[in-house]
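Please look over the sequence and the structure shown here before reading on. The report below takes up helices, the nonpolar core and charged pairs in turn.

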Amino acid sequence: MKIVNIFLRWPLSRVFMPHISFPIGARVSALFACHFFGFGLFLPFFPVVLGLKGLSPVEIGLILGIGTISRIGASPILSNLSDRSGQRRFSVMIYSLAGAGLLALFFLPGGLLTLGVAVIGFMVMNAPIVPLSDAYALDVQRNTGADYARMRLWGSAGFVVATLAGGALTSEGSAWLLVVAICAASLATCAVVMSLPRQQRDEHDAQEEAEDAPTPFRTVWFWPVLTVLGLFQASHAAFYGFGTLYWQSKNVPDLAIGGLWAIGVVAEIGLFAIAGKLAQRFDPPVFLFAAGAAAVVRWGLFPFAETLETMAALQLLHGLSFGAAHLGAVAILAKVVPSRWAGTGQGLLATSVGVQMAIGLSVCGALYDINPNWPFYLMALVALAGTVFMLALTPLVRRRTKIG
């Protein structure tokens with residue numbers, strides 16, 4: 001057992017990749033890029049792959065529905081296990097390997113059951129990777145001065161590349177290549193994380209992060225804040241669920257729809273590229289106020305956009321409605337949650353977003369059947385509510401984060 005413990009604590013870069021000399025910021029960027037490349041292949045295209053495998057829409061919905069619920073529950077649990085062990089890098093390695101292994105079951109015979117285990121298992125194992133990667137990147141930012149947002153933008157870039165490449169891999173004869181590419185992305189994530197060094201904590205941090213030190217998870221104030229942080233992301237439910245269908249109903253060509261999605265992510269990348277400088281002038285709640293205002297405008301005007309130019313203009317607001325909300329939420333949690341438990345905090349944020357997103361998708365689905373415009377008006381109201389709640393909670397947040 002002692003030998004195993006020594007192995008876990010020895011820098012993985014020395015064990016597996018001793019000749020890596022890239023700056024740590026570049027390696028964390030690669031970690032995000034590899035993971036989000038696989039996620040960008042899985043999220044939009046895997047339902048198509050399951051259909052080509054012979055599953056009915058009901059069976060596809062069942063597998064993905066169970067996988068989504070399992071993912072929401074698994075994120076904080078698996079992240080917390082990693083925090084307790086103190087081995088975030090090793091955990092990401094194990095989760096990535098397990099995800100690739102489970103998804104490889106796709107190629108075995110067995111029908112619905114085998115496919116269900118493969119897909120649901122992959123979704124569960126991937127659930128904690130982003131929270132743990134965020135926690136590690138925030139440690140790197142604190143210890144080395146590297147810019148978290150600039151590291152994280154490569155995840156968005158990887159996602160865009162995947163969405164552009166994925167369409168070519170979902171034909172009848174090449175769908176298996178998409179599964180192989182997703183597994184390869186998981187293995188690449190594993191390889192990159194093995195090159196990362198263990199983050200050091202100074203003596204003050206170690207005292208604050210002792211095993212029995214108090215955490216915000218047992219306080220009353222933390223949970224309303226966590227809920228509001230998730231609400232900003234959940235205001236995108238109508239768009240993620242029905243944006244493409246809505247544009248198709250407006251006779252927007254499929255190629256143009258792909259371009260509109262890409263514009264949103266490019267705007268997000270643009271914000272991440274300059275966010276480090278903005279963070280020097282504005283505290284995290286300001287990012288959330290900007291996100292809420294942008295979302296109110298974006299979703300309130302969404303049904304009125306009749307030309308590609310106006311649609312593209314509204315898509316540029318994704319940089320704020322999503323990007324600023326993400327950066328603000330991550331920054332707040334980084335300040336109120338001790339670094340030892342940062343993975344758990346980020347995992348809880350993912351769960352908050354997931355639960356509220358699922359509720360939003362259900363409500364928006366019912367509204368879309370009545371009037372396709374109504375879900376977007378509802379999302380504008382949700383964003384407005386989030387902004388108002390954040391305004392009310394800001395004095396508390398600033399006291400807890402000791403900013404402002």
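What span should the 19 residues of helix H16 have at 1.5 Å a residue, and how far apart are its end C-alpha atoms? In this predicted model, helix H16 (residues 318–336) should span 27 Å, and its end C-alpha atoms lie 26 Å apart, which agrees. H16 is also mostly covered, since 15 of its 19 residues are buried.

Helix H18, which runs over residues 374–401 and has 28 residues, reaches 37 Å from its first C-alpha to its last, close to the 40 Å expected. A kink of about 50° lies in H18 at Leu-393, shortly before the proline Pro-395.

## The nonpolar core

The largest nonpolar core has 112 residues, and the members that touch the most others are Val-28, Phe-46, Phe-222, Leu-229 and Trp-247. Helix H3 (residues 24–52) gives the most to this core, with 12 residues. Leaving aside neighbours within four places in sequence, Val-28 is in contact with Tyr-136, Ala-137, Val-140, Met-151 and Leu-196.

## Salt bridges

The structure holds six salt bridges, and a network of them links Asp-83, Arg-88, Asp-139 and Arg-142. Asp-83 pairs with Arg-88 at 3.0 Å between the closest N and O atoms, and both residues are buried. Asp-139 pairs with Arg-142 at 2.9 Å between the closest N and O atoms; both lie in helix H7, three residues apart, about one turn of the helix.

Asp-283 forms a salt bridge with Arg-398, with the closest N and O atoms 2.7 Å apart. Because Asp-283 lies in the loop between helices H13 and H14 and Arg-398 in helix H18, the pair ties together parts that are 115 residues apart in sequence.

Definitions and conventions: Residues numbered from 1 in each chain as written. Predicted model: local features only at pLDDT ≥ 70, side-chain atom pairs only at ≥ 80, totals over all residues. Heavy atoms only, no water. Helix = DSSP H or I, 4+ residues; strand = E, 2+ residues; numbered from the N terminus. Expected span 1.5 Å × (residues − 1). Bend = angle between axes of the 7 residues up to and from the residue. Core = buried A, V, L, I, M, F, W, Y, C linked by side-chain atoms within 4.5 Å. Buried < 20%, exposed > 50% of the residue type's maximum accessible area, 1.4 Å probe, protein only. Contact = heavy atoms within 4.5 Å. Salt bridge = Lys/Arg side-chain N within 4 Å of Asp/Glu carboxyl O.
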